[in-house]
Amino acid sequence: MEKELRLAIDEITEIASDFGLDFYPMRYEICPADIIYTFGAYGMPTRFAHWSFGKQFHKMKLQYDLGLSQIYELVINSNPCYAFLLDTNTLVQNKLIIAHVLAHCDFFKNNVRFSNTRRDMVESMTATAERIARYEILYGKEEVEQFLDAVLAIQEHIDPSLLRPKLDPQEEEEAEEVSPQKTPYDDLWKLDDREEPTQPTRSKKKKFPPQPEKDLLLFIEEYSRELEDWQRDILTMLREEMLYFWPQLETKIMNEGWASYWHQRIMRELNLTTAETIEYAKLNAGVVQPSRTTINPYYLGLKIFEHIEHKYNHPTEEMKALGVKPNSGREKIFEVREIESDVSFIRNYLSKELVKEEDLYVFAKKDQEYQITDKDHEEVKQQLISMRVNGGFPYIVVEDGDYARNGELYLKHGYEGMELDAHYLEHVLPYIYQLWGRSVHLETVLEDRPIIYSFDGNKGSRRSK
Amino acid sequence: MSEKQPNRFVVSQENWSLHRKGYQDQQRHGEKVKEAIKNNLPDLISEESIILSNGDKVIKIPIRSLDEYKIRYNYDKSKHVGQGQGDSQVGDVIAREPDEKNPGTGTEPGDKPGQEYYEAEVSLEEVEGMLFAELELPNLQAKEMAEITTDKITFNDIRKKGLMGNVDKKRTIITAIKRNAMKGKATISPISNDDLRFKTWDEEVKPESKAVVLAMMDVSGSMGEFEKSCARSFFYWMTKFLRTKYGTVEIEFIAHHTEAKIVTEEAFFSRGESGGTVCSSAYRKALELIHEKYSPSRYNIYPVHFSDGENTTADNEKSLKLVQELMELSSMFGYGEVNKSIRSSTLMTTYKKIDDPKFRHYIIKKKQDVYEALKSIFKRQEA
């Protein structure tokens with residue numbers, strides 16, 4: 001087995017390189033099921049301890065034990081790149097996984113979204129795990145767990161922009177102050193000046209933050225008056241981890257599509273026996289199976305890549321006029337894998353023909369049933385995009401860090417037609433309160449009306465704006 | 001073992017047997033689920049499946065796994081994208097809301113992300129442990145009663161030496177015959193000193209603590225399914241609780257409407273009769289039972305009466321008197337009223353006059369109140 005596997009890896013690596021895939025050196029770890037599902041649940045070989053990972057692990061392990069889970073590919077964006085193989089995999093399963101993960105690794109290495117990710121995250125997360133474990137000893141497990149619960153509830157609300165301005169409201173404030181005030185003591189001279197209405201100058205409250213701030217985690221880390229040093233440290237580390245995972249959230253369809261595209265191409269190059277071919281065909285069908293009620297990223301991504309390749313291999317006159325050369329499909333998809341993320345990938349390449357060909361539709365809940373409501377390709381596209389914007393998470397910004405002039409936190413949801421889960425929101429606000437230390441408000445839209453959810457430390461409330 | 005192949009790849013298979021992280025955090029999740037169970041005791045103990053599972057040690061209850069709250073979209077109010085097989089039409093139904101009561105048993109499992117259920121294994125002992133930690137036996141008298149012991153003497157051993165009065169004739173003779181037989185002639189005599197066998201005894205000091213529950217229930221027409229299931233839950237846990245405290249607990253079931261009868265447990269809960277209510281009939285029956293079978297010197301007596309409170313008005317005063325009489329013989333008298341309405345019943349109004357720590361009552365308005373009723377009737381006594 002061991003020898004066969006090495007030979008297979010050698011061959012597949014060779015083929016992948018010949019196809020032009022460009023990956024980091026690979027490290028394949030052969031592990032038993034409970035280990036591989038541990039890594040899967042934590043997203044890393046070593047990560048800090050939290051019950052939510054345990055829950056995930058239990059779920060995955062249970063499905064495996066019941067024989068419900070398909071083959072499992074686990075690859076880590078690092079250099080060298082770690083890939084994990086289940087010790088009970090057949091050779092064909094391993095071949096498919098190896099071909100698949102090589103393409104993932106190529107994607108990690110070349111897609112622009114990943115350009116800022118730390119490639120030493122395996123070590124970094126190990127260090128984080130050790131630090132958090134030490135805090136558990138110093139401050140108590142319960143204490144640390146409660147803090148982690150709170151941070152994990154909002155961990156996706158970071159600003160992952162590749163070029164993000166530094167959070168620094170001080171400069172902005174000064175800039176604003178220059179014109180109305182000549183010297184810092186102007187206020188004093190005005191004290192006796194009764195005629196001058198004080199109202200307008202007062203209401204000219206400095207904005208804090210000057211621009212709505214997307215990075216809730218960073219904002220809390222910098223400005224919360226509540227946090228202890230160790231808590232700030234954890235916040236920083238968890239934000240770092242989220243920044244690392246973020247590109248994967250933003251490129252799920254592309255990344256899986258790319259990997260599926262390549263495992264199919266690579267597997268075709270291998271000399272499989274008849275039995276192996278059948279086994280592979282079954283496995284592949286399982287991976288790229290479309291679903292009626294959700295989008296299978298493996299399948300949709302694969303189809304879009306194939307569609308692009310086909311179009312660029314056979315360009316229309318219009319495309320030719322724009323300089324597209326026939327048979328430039330392969331070249332084009334390599335370019336796409338480099339510069340796009342899911343949102344732009346769908347916007348630019350999910351064509352009308354493809355929506356029709358793949359029979360994509362929009363559905364919604366009506367009474368007790370989920371019904372198809374639209375088949376228009378623009379609608380489908382729009383819906384897919386809105387589901388992928390911001391990694392699929394609602395877009396929340398800090399509007400005011402000194403709301404009611406009382407240091408309260410005012411957040412705003414960038415509502416674009418999708419309502420928030422009110423039940424969940426009511427449970428998340430207390431966590432934000434726990435981190436911020438003062439009342440927390442979140443403005444969103446419910447039933448087409450603006451509404452503000454609040455939590456003041458004791459109870460939650462909601463009012464219309 | 002691992003072997004390097006320059007640049008390209010490394011395959012390694014390590015010994016992972018010490019890697020327990022997933023299990024550790026799974027255990028923590030399990031603990032949190034248990035905490036959640038504890039917080040849900042009111043729901044849990046009124047769970048019929050537990051009460052009916054008499055004998056099963058481990059009960060599996062589907063409970064929702066712990067939510068990881070995040071700011072997320074409302075799934076049911078959002079639009080989604082799916083994929084057909086080429087023939088989909090606007091208006092096609094592609095999935096249905098899973099049956100609320102049986103999530104995951106729909107025809108198309110996994111149709112909806114919905115709620116995750118976590119099959120928690122809870123042993124009855126655990127539930128008991130959690131529940132009983134909050135209960136205490138009422139009435140200090142109970143403690144004195146529990147110290148009653150009986151000294152039993154049992155002859156359960158044979159020895160070669162002993163008091164002549166305890167000689168075991170049969171065994172002595174058998175031994176003598178055997179010995180004589182070996183010498184050639186199987187006769188009883190002569191009996192030598194070596195043949196003597198004596199009975200010896202052990203003294204058993206056994207604390208005998210017994211309790212009897214006199215479960216009385218109103219089975220008049222007005223007591224419906226809800227009322228009876230509350231009473232059943234209550235009696236179930238009460239008996240379990242008493243059993244952990246006393247060696248033996250007996251239960252007598254007294255059903256009453258205008259007359260009272262001693263019935264079997266089965267009949268007690270399945271019985272549905274019509275007619276009016278005279279509670280005193282049950283109390284009189286209880287007193288009879290105590291005098292006949294359950295002497296207060298040997299038993300801790302717990303008369304507990306469940307009713308909807310709709311007693312014949314004329315009977316209220318008589319009932320009150322009998323309750324007081326019962327209390328003198330009992331460790332506690334519990335009265336549970338299952339009454340969904342807001343106003344208190346005539347019976348309750350009468351009982352409110354009782355000022356005796358032995359009298360404990362609780363009005364159950366909803367199923368979850370059974371838990372509160374247990375806690376209130378078996379609450380700790382402040383010294």
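A:P209 is placed in the loop between α9 (199–203) and α10 (216–223) of chain A. In this predicted model, the peptide bond that joins A:F208 to A:P209 is cis, with omega at about 0 degrees. Chain B also has a cis peptide bond, which joins B:S189 and B:P190.

**Backbone geometry**

- Most peptide bonds are trans, and most residues other than glycine have a negative phi.
- The bond between B:S189 and B:P190 has an omega of about 0 degrees, and B:P190 belongs to the loop between α6 (169–182) and β8 (198–207) of chain B.
- A:N327 is a residue other than glycine with a positive phi, near 60 degrees.
- The position of A:N327 is in the loop between α15 (317–321) and α16 (329–339) of chain A.
- A:N327 has 11 C-beta neighbours inside 10 Å and therefore counts as exposed, the cut-off for that class being 12 or fewer.
- A:R405, which is not a glycine either, has a positive phi of about 50 degrees.
- The loop between β6 (396–403) and β7 (408–413) of chain A holds A:R405.
- A:R405 is exposed because 9 other C-beta atoms lie within 10 Å.

**Contact between chain A and chain B**

- On the chain B side, 49 residues are in contact with 64 residues of chain A.
- Elements of chain B that give two or more residues to this side are β2 (9–12), α1 (21–39), β4 (80–83) and β5 (93–96).
- The element that gives the most is α1(B), with nine residues.
- By class, the side of chain B that touches chain A comprises 21 polar, 15 charged and 13 nonpolar residues.
- Strand β4 (residues 360–366) of chain A is joined to β4(B) by four bridges, and the two strands run antiparallel.
- Within β4(B), B:H80 is the bridge partner of A:F363.

**Helix pair α9(B) and α10(B)**

- Helix α9 (residues 279–292) of chain B packs against helix α10 (residues 316–329) of chain B at an angle of about 25 degrees, and their axes are 9 Å apart.
- α9(B) is therefore roughly parallel to α10(B), since angles under 35 degrees count as such.
- The crossing in which α9(B) passes α10(B) is left-handed.
- From α9(B), the contact is made by B:C279, B:S280, B:Y283, B:R284, B:A286, B:L287 and B:I290.
- From α10(B), the residues of the contact are B:K318, B:S319, B:L322, B:V323, B:E325, B:L326 and B:L329.
- The residues of this contact between α9(B) and α10(B) comprise nine nonpolar, three charged and two polar.

- Strand β9 (residues 210–218) of chain B contains B:D218.
- B:D218 is buried because 28 other C-beta atoms lie within 10 Å, where 20 or more is the cut-off for a buried residue.
- Leaving aside residues up to four places away in sequence, B:D218 touches B:M223, B:H256, B:T277, B:F306, B:S307 and B:D308.
- B:E259 is 41 residues from B:D218 along the chain, and the C-alpha atoms of these residues are separated by 10.0 Å.

Notes:
Residues are numbered from 1 along each chain as its sequence is written. Chains are lettered from A and ligands numbered from 1 in the order in which they are written. This is a predicted model: local features need pLDDT of at least 70, side-chain atom pairs count only at pLDDT 80 or more; totals for chains, interfaces and linings use all residues. Two residues are in contact if their C-beta atoms, placed from the backbone, lie within 7 Å. Ala, Val, Leu, Ile, Met, Phe, Trp, Tyr, Cys and Pro count as nonpolar, Asp, Glu, Lys and Arg as charged, and the others, Gly among them, as polar. Two strands pair if DSSP finds at least two bridges between them. Axes are lines fitted to C-alpha atoms, for helices over the stretch in contact, and angles run from 0 to 180 degrees between N-to-C directions. Angles under 35 degrees count as roughly parallel, over 145 as roughly antiparallel, 65 to 115 as roughly perpendicular and the rest as oblique. A crossing is left-handed if the near helix is turned anticlockwise from the far one by less than a right angle, and right-handed if clockwise.
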